[in-house]
Every structure is written in C-alpha cells, then in structure tokens.
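Have a look at the picture first, then read on.

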Amino acid sequence: MTGRALETKDIHASRIYRRTAEIAVRRDETSDASSAQAPARAIRARVVRAWRWILGPKQQEALDLAASIMHELHRLHRTSAERYRAHVHLIRAVDRALSDDPEGLLLELDDPVLAGLQNDLAQTLLRFGYWRLGRWPELYELPMTSRAVSASNAVARTLDLTILAAAALERLQLATASRFAADAMALANSCGFGSSIAAASAAAVLASVRYELGYLDRAEELVLSHLPIIRAEGTPDVAIRGYTLLSRIAQHRGQHKHAAFVLNEGQHLGERRSCARVVLTMMAERVNMLVAHDAVARARQEVSAMRDYARTHPSPAPVDDEIVRLCDVADARVALAEGSPTHAVLILGRMLRFAEDAKLRHTAFRIALELMGALSATGEQKLADRLINRALQKGERIGMLQSWADAGPACGSHLARVAERLQQAASPRLSALGPYLRTVLAHRETSEAANRRITHFTLRASERLSARERAVLALVARGQSNKRVARALNVTPETIKSHLKRAFIKLGAKTRAEAVSRAADLGQLIGVIVPTAPDAGRMSASAFQAREARVATFRR
C-alpha cells in the first residue's frame, strides 16, 4: 500500500470521526438552538471537538478538554448541563476502553446522569466492559441497538455485532462468531466507514475465526487490509489479535524472520501507547518462538524480562491479573522445554481451571492442549488421554484446526500415539474421530515441514527494518530501479540488492511489490525522508548538450 493510499485512508477516517462527533451532539444542537446564550454554543463546539479527538489520535487533549468543559457547565441551564455532563462521561468511558481499563469504563458509565439516557454508544460501551470482564449473563441481557440502522447508530451497531462476535469466538461458537463479524463488516462498508476502527475490529475477529479454521491466507488478507487503522487507532484487543495472527501465520509458513519482525512492531506499538498487555502478549509469543527453536535459555531470559516489565508497568486490577496469567503460561512453556514437566503441569492445570470457571472456552481449549503434552511428559497417560479425547470431540464438532498446529511438540507426539490406538478402538464414537485426527496431523506436518526448511535461524528481539532499508523501500515504492536508488543513496547497486534481500527476509516477502506493501501496512514508510537521485528530475545542462550534439550528428 502506497503512502498516498495511507493518506487517503487517514483522511477518510477523520471524516468518519467528524461525522460521528457531530451526530453525538445533534440532539443537543436542536435543544440549544432556541437559546441565545453564547456559553451553550461554545460548549457545544468544544464537545464536538472532544469527540473528534477522543476518536482520533489526540486522546489526552480530548480528556483535558472534557475536564475544562466540566468546569464550565455551571454556566448552563440544568437540563443542558446534564446532557453535556453525560457526553463528558461517555468521552471518558471511551478513553477507558482505549486504555485497557474495563472496570474504570463501567465506573464512568455508572454515573447517575447516564442512568436514564437512551444512548446507543453508552449501551455499546457497557457491552464492551462486560465482554472484557467476562460477565456473560449481563452481556447477553443488554438490548441491541434498534434494528433500523441510521447514521446515528450505525457505528454503535457495528461495534455491538463485533463484541458479540468476539464473545462467541471465546465461547467456541465459531459459526456464530463468523456470522456476527461478517455482518458487522458488511454494515460498516454499506454505511461508508469501511476504513474505520469499527470495521477493523470486526475484521480482526473474523480473521481469528478464519485462522482457527485453517484459512491462513484469508486471515492474513483481512488483517493486512486493516493494519494501518489497527496500528493508528485500534484498541489493545484489536492490536493483539492483528499482530499475533500475522506472527503465527508467518511462523506456520516458516517465515521466522518476518514473524519476529511483526512481534517487534507489535511490542513497539504497545510501548508507544503505554499498554502493558500488548507488550507482554508480544513477548509471550516470542517465548513460543524461542522454545520452538530450542533456544530455551533465551526463552527463560524473555520470561524474566516479562515479569520485570509487568512489575514496573502496573495495570488496572483485572488487566493486571490477566498479565500475571500470561507470564505464568509462558513460564510453564519454558519449564516444559527445560525438562520440568511437573512444574508446567501445576501452572497449566491452574490456568485451565480458571479458564473453565470463567467460561473462556477458547482459552481453555488451547491451554488443555499444552497441559496434555505436559501430562504426557510426566507419564500421566490416562489423564492426557482423557484431555485429548475431550479436545478431539469438541474440535471435531466445531472444526477447530489451527490450535492443534500451534500446540507444542509434546502434543504432536501424543497425537500420533492416539492415532495409532484409534485404528483399533472398539468404541464407534472414538473411531469416528479418525478422519478428523488425520486432518489435524496432516496440518501439523505442514507446519513442521515449513519449520524444518529453516536450518539456521537467529531470532533477535531488536530486529526491525533499519533506516537504510526503509529508505530503499521508500524509493522502490516510487517505482525507481536499483540503479536509480543506488545513485540517490550514493552507494552501489550491489549494496541496494543486499538491503532489499534483508528487508525481504524480515518482511516475509518474495517480490518488490509485496515488500513495499507489507512495509507500508506496518507503518515502516511513514516519515521516511530520502534524497533524490542527481538525474531523477530534469536533465542536467551537460547531458542535454551532449544529447543535442548526438541528434545533430545523426541528422547530418
């Protein structure tokens, strides 16, 4: 994607935010139009500006403006003051959602001024808070926005469908999740905000469903097409989904350099936004990569770095508990690789009980596969068999595929043994799992074959595109050849080839166009200042005179 395309997307997104902000106070404009008070008009304009900023890149400025609005409300009539006070609470609630603080979000929405407010956005934010905290009964009791879609509720309706899709995915209702997410994307496209964060959120959930079903190309396409918006304005959950999926897809294809590059970009995004959960999720994925490549000592160092980061960057209580569990699961994976399966069983067993109690079935499914491998390593074959039989029956019923490929080598070894036993199984129910198990094993073999093709692989946490590699790609994006790029950068064409080769490896690209597209999607070409080749503009005087002389000689 070119810089011009990214600029067009940003302009379109800003228009959507402006329209959303204006709609948010349209009723208030009608109510205050009859009032000649200057303070009411000034506050109304500041509320619109605060909405535009909180939905865009100026979140802190929006909060400061909202605080100043609160100090001015005493100048308004009581009815108008309560309306604008409700808007301020909604603006703060949006900030809580973007800052990964679901409990703070619910506290903002618990204000009495919002109690009788019939606002679609308030209902959507409430739904988001219940989903993040796993409060499923309250989530499903909330009414949907009105079925008649209009300009004022289209964004809220899209987000409602997306949240319900994410909840269905976590409860392993893949068909329902796919339907809700697809409907949300269709609604966003039909209403003209297909390049907004609402559409990107739906695309990330739909990509997760496609990934679990084994459709990696479709999942990657969905994420890449919305990655600029995810990177610029996505919530922590959307960023985690997007970058984690891209990294896992790259690993499945054997593009480990590109997988490491994506994780580094995701971690950098989390650090820039001060979101510890995003940072630590990327670090946990890096632990998985290190363990898969037998770099156990470095994986242990990464786990220690995770705990240090979590200690020095505290988060709100529910998120902090989630971060502790994230570190514990990474610790269990390393312990299993270090030859301490008993320690891994203790941690994973505790995590599985928590996930089951919280009805986080997707999380529980993935943890159960890791626990099964750890139990097999400790010799607890009966418990491992019981877990794998449950997982096979559940996975066969809903079509789960990719989680089996993501599980560790211990899980693969146990699956092979179970496949041998299923051939002589007397139970018809177990024998019926044979075709599904063979599909799972074939999918795992494809992933493992891609990993075996990379015999010498060094994973460095600091590996990102260098400044010179970004400059080369920026010039290539302008259609310049290697020779012209070399002249612009004052190096040889062979040096440009070397830079491109390293960039191809990091980006997992095979062609120049693919490398430029992926670099643009990951934000690597934004702000790159490159020189122009000496002869890239108009022809120099000496070259012009030489050409005219040759033309004159030819004419004679």
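## Before we go on

This is a predicted model, where local features need pLDDT of at least 70 and side-chain atom pairs count only at pLDDT 80 or more, while totals for chains, interfaces and linings use all residues. Residues are numbered from 1 along each chain as its sequence is written, and side-chain values use heavy atoms, with hydrogens and water left out.

## Charged pairs

Side chains of opposite charge can pair when their charged atoms come close. A salt bridge here means a side-chain nitrogen of Lys or Arg within 4 Å of a carboxyl oxygen of Asp or Glu, and the structure holds 28 of them. Glutamate 72 has one with arginine 75, with the closest N and O atoms 2.8 Å apart. Arginine 75 is partly exposed too, at 46%.

Now for a pair that reaches across the chain. Arginine 277 and aspartate 100 meet in a salt bridge at 2.7 Å, N to O. The two residues sit 177 residues apart, arginine 277 in helix 15 and aspartate 100 in the loop between helix 5 and helix 6; helices here are DSSP runs (H or I, at least four residues), numbered from the N terminus. Arginine 277 is buried at 5%, and aspartate 100 is buried at 5%.

There's also a network of salt bridges linking Arg300, Arg307, Asp328, Asp331, Glu338 and Arg350.

Aspartate 294 counts as exposed, at 66% relative accessibility.

## Hidden spaces

What lines the largest cavity? The residues are Glu220, Leu224, Leu246, His258, Val262, Arg518 and Leu522. A cavity is a set of points on a 1 Å grid over the protein atoms alone where a 1.4 Å probe fits but cannot get out, and lining residues have an atom within 4 Å of a point. Helix 12 (216-233) and helix 14 (256-273) each supply at least two residues of that lining.

The second largest cavity is lined by Pro236, Leu269, Gly270, Arg273, Cys275 and Val278. Helix 14 gives the most to this lining, with 3 residues.

How values were computed: On a 1 Å grid over the protein atoms alone, a cavity is a set of points where a 1.4 Å probe fits but cannot get out, and a pocket is an open set with protein on both sides within 12 Å along at least five of seven lines; lining residues have an atom within 4 Å of a point. Buried means under 20% relative accessible area, exposed over 50%, partly exposed in between (1.4 Å probe, protein chains only).
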